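Colleague: Could you take me through the aromatic rings in this model, and through what surrounds them? I'd like one close look, with every term spelled out.

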Amino acid sequence: MNYTLSGTIFLIGFFVGVCVYAQTEVPDYFEGALNFSVEFAGPQAEELKMNEPNNKIRMFIKNNNYIVQLSGGRYPKTFIFVADSNYEYSINYSEKKAYRFSMYSDRTKDKKEEAIPTAKPTGKQKEIKGVLCDEYKMVTKNTVFYYYVNDKYRVDIANYPMKPRSKASWLAKGLDGRIPLETIKKQKNLSVKTSLISLKSRSFDPEQFMIPPTFKVKGRDYRY
């Protein structure tokens, strides 16, 4: 089993086109903070839990940049996606280092032999923390994803690179930038559910989404 799963739960899909609006209407894009909990179920769940995976996620979004903090497990982690560089970095604050995902650990490399899966609306709805969400389903070779989204909570994917190295779920084909407020990932022996705890719109200083100038930028993070 790949026990780095706990370090990438939010990336489970946690992975472009823009919704059509009237010509005079400009869509609002979300800037703020979201908190999620993570639950594991299925035959493989107990084995996974022995490794103390992270089960809490804090996400901060501004424009095309985001910060993700994973906690509640043995190895807390922080990731930053810097849109201008088109790289995601893992941050080691104690050592003042930022590790850029290399070609060997970049899980978003093109797979020309595989068709890009599409998230499609099922027609079902579900209320998530008082927000009525539409259910989308995406099927890959070994996994089924369910995303619960609301048009109000979106990011502007039009400004992402054509081949974004971001692994954010709102980039899944068919979601059109909608931020999943709940995600369910189902595999043969494991189900992972990422559920919204709280959500708040707020403004951020752009410098919060940059690698501090005093940090050394290195290649693959040796820790995972």
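**Rings and their surroundings**

Modeller: Let's start with Phe145, which counts as buried because its relative accessibility is 4%. Buried here means under 20% relative accessible area, while exposed means over 50% and partly exposed is in between (1.4 Å probe, protein chains only). Tyr147 goes down to 0% relative accessibility, so Tyr147 counts as buried as well.

A quick word on the ground rules. This is a predicted model, so local features need pLDDT of at least 70 and side-chain atom pairs count only at pLDDT 80 or more, whereas totals for chains, interfaces and linings use all residues. Residues are numbered from 1 along each chain as its sequence is written, and side-chain values use heavy atoms, with hydrogens and water left out.

Now for the pairs. Rings of Phe, Tyr and Trp (its six-membered ring) pair if their centres lie within 6.5 Å; planes under 30 degrees apart are called stacked, over 60 edge-to-face, and the rest tilted. That rule gives nine aromatic pairs. One of them is Tyr66 with Phe81, stacked at 5.4 Å centre to centre with 20° between the planes. This pair ties together distant parts of the chain, with Tyr66 in strand 3 and Phe81 in strand 4, 15 residues apart. Strands (E, at least two residues) and helices (H or I, at least four) are DSSP runs, numbered from the N terminus. Both partners, Tyr66 and Phe81, are buried. Phe145 and Tyr147 make another stacked pair, 6.0 Å centre to centre and with 0° between the planes. Tyr66 and Phe81 also belong to an aromatic cluster with Tyr160 and Trp170.

What do these rings sit among? A nonpolar core is a set of buried Ala, Val, Leu, Ile, Met, Phe, Trp, Tyr and Cys residues joined through side-chain atoms within 4.5 Å. The largest one has 35 residues, and Tyr66 and Trp170 are among the members that touch the most others, along with Leu34, Ile61 and Leu181. Elements that each supply at least two residues of this core include strand 3 (65-71), strand 4 (77-82), strand 9 (144-149) and helix 1 (45-49). Strand 1 gives the most, with four residues. Take Ile61 as a close-up: leaving out residues up to four places away in sequence, its contacts include Leu34, Tyr66, Trp170, Phe204 and Phe209, where contact means heavy atoms within 4.5 Å. There's also a second, separate core of 13 residues, and Phe204 is one of its members.

Zoom out and you'll see the sheet. Two strands pair if DSSP finds at least two bridges between them. In general, strands of a sheet pair through backbone hydrogen bonds, either parallel or antiparallel. Here an open sheet of 12 strands runs in the order 7-8-9-10-11-1-2-3-4-5-6-12, with mixed pairing. Strand 7 (120-128) and strand 12 (216-218) are at the edges with a single partner each, so one side of each has no neighbour in the sheet. Strand 8 and strand 9 run antiparallel, joined by six bridges. In strand 9, Tyr146 is the bridge partner of Lys137.
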